[in-house]
Amino acid sequence: MPPAPKSGDALFASVDRVNAELFTLTYGAIVRQLLTDLEEVEEVNKQLDQMGYNIGTRLVDEFLAKSNVSRCVDFKETADVIAKLGFKMFLGVTATVTNWDVEGTSCSIVLEDNPLVDFVELPDTCQGLQYCNLLSGVIRGALEMTEVTWVRDMLRGDDAYEMRVKLIKQVPEEYPYKDDD
């Protein structure tokens, strides 16, 4: 029998971490450098999303290896695992999954606390910047066939951080080998 899945707190305790302030400041420096290099805020948004996507394709493997989570049966369970375990494991925070559509293919993931934005104030020249676009890219990379858009952002005066996650297509899992019977 496989080991039971770990709780979010147990996962967070089991992962090697860097100092939270160092992580936050380093991320801020990356965003600042992208703004300097790319000059266009929309290009920075795209780059942050792509960086997140690349990270997400790798984080999913680490998450599955360390969490003992078995295969999710549907998109609702997947979203819940990401919100309760994934965010806790890698950022030390939990999220809430709300606002499901009737088909169960679209939901909101809401963060009350976001460690990426400590010490951050957006200047007037960067109002179109999706500062946390890295996170939406991570979710896209981890889940593949999804669209992720920001609905609310506390850096813009909203009361929470909310991402809308939509499943575009469920891809059947393919195994690279055939079982010998």
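How many salt bridges does the count come to? I get seven salt bridges by the rule I used. I note at the outset that this is a predicted model.

**Entry 1. Overall layout**

I began with the secondary structure of the protein chain, which comes to five helices and four strands. Read along the sequence, I have the pattern α-α-α-α-β-β-α-β-β. I then looked up burial: of the 181 residues of the protein chain, 39% count as buried.

**Entry 2. Arg 152 and its partners**

Which side chains meet Arg 152 in a salt bridge? I found Asp 159, with 2.4 Å from N to O. I also found Glu 162, where the N to O distance is 2.6 Å. This second pair links distant parts of the chain, since I place Arg 152 in strand β3 (residues 146-152) and Glu 162 in strand β4 (residues 161-167), ten residues apart. Through shared partners, the salt bridges join Arg 152, Asp 159 and Glu 162 into one network.

I checked the accessibility of each member. Arg 152 has a relative accessible area of 22%, so I list Arg 152 as partly exposed. Asp 159 is at 54% relative accessibility and therefore goes down as exposed. Glu 162 has a relative accessible area of 7%, so I list Glu 162 as buried.

**Entry 3. A pair within helix α3**

I next looked up Lys 46, which forms a salt bridge with Glu 43. The closest N and O atoms of this pair are 3.5 Å apart. I place both Lys 46 and Glu 43 in helix α3 (residues 41-67), three residues apart, about one turn of the helix. Is Glu 43 buried, exposed or partly exposed? Its relative accessibility is 38%, so I record Glu 43 as partly exposed.

**Entry 4. Phe 63**

I stayed with helix α3, where Phe 63 is found. With a relative accessible area of 10%, Phe 63 is buried. I then took the C-alpha separation of Phe 63 and Met 89, which comes to 7.9 Å. Along the chain, Phe 63 and Met 89 are 26 residues apart.

**Entry 5. The loop between β2 and α5**

Two residues of this loop went into the notebook. Where is Asn 114? I find Asn 114 in the loop between β2 and α5. Asn 114 counts as buried because its relative accessibility is 2%, and the cut-off for buried is under 20%. I also see that the side chain of Asn 114 reaches the backbone nitrogen of Leu 116 at 3.0 Å.

Asp 118 also lies in the loop between β2 (106-111) and α5 (133-143). Here the relative accessible area is 38%, so I list Asp 118 as partly exposed.

**Entry 6. Surface charge**

Which residues form the negative surface patch? I list Glu 21, Glu 112, Asp 113 and Asp 118. Asp 118 can belong to this patch because its relative accessible area of 38% passes the requirement of over 30%.

I return to the total of seven salt bridges. Among them I have written up Lys 46 with Glu 43, Arg 152 with Asp 159, and Arg 152 with Glu 162.

How values were computed:
Residues numbered from 1 in each chain as written. Predicted model: local features only at pLDDT ≥ 70, side-chain atom pairs only at ≥ 80, totals over all residues. Heavy atoms only, no water. Patch = residues over 30% accessible without salt bridge, like charges linked within 9 Å, V, L, I, M, F, W, Y side chains within 5 Å. Areas by Shrake-Rupley, 256 points an atom, 1.4 Å probe, with all protein chains shown as cover. Salt bridge = Lys/Arg side-chain N within 4 Å of Asp/Glu carboxyl O. Lys, Arg positive; Asp, Glu negative; His and termini not counted. Charge placed at Lys NZ, Arg CZ, Asp CG, Glu CD. Buried < 20%, exposed > 50% of the residue type's maximum accessible area, 1.4 Å probe, protein only. Polar contact = N/O pair within 3.5 Å; in protein donor to acceptor, adjacent residues only side chain to side chain.
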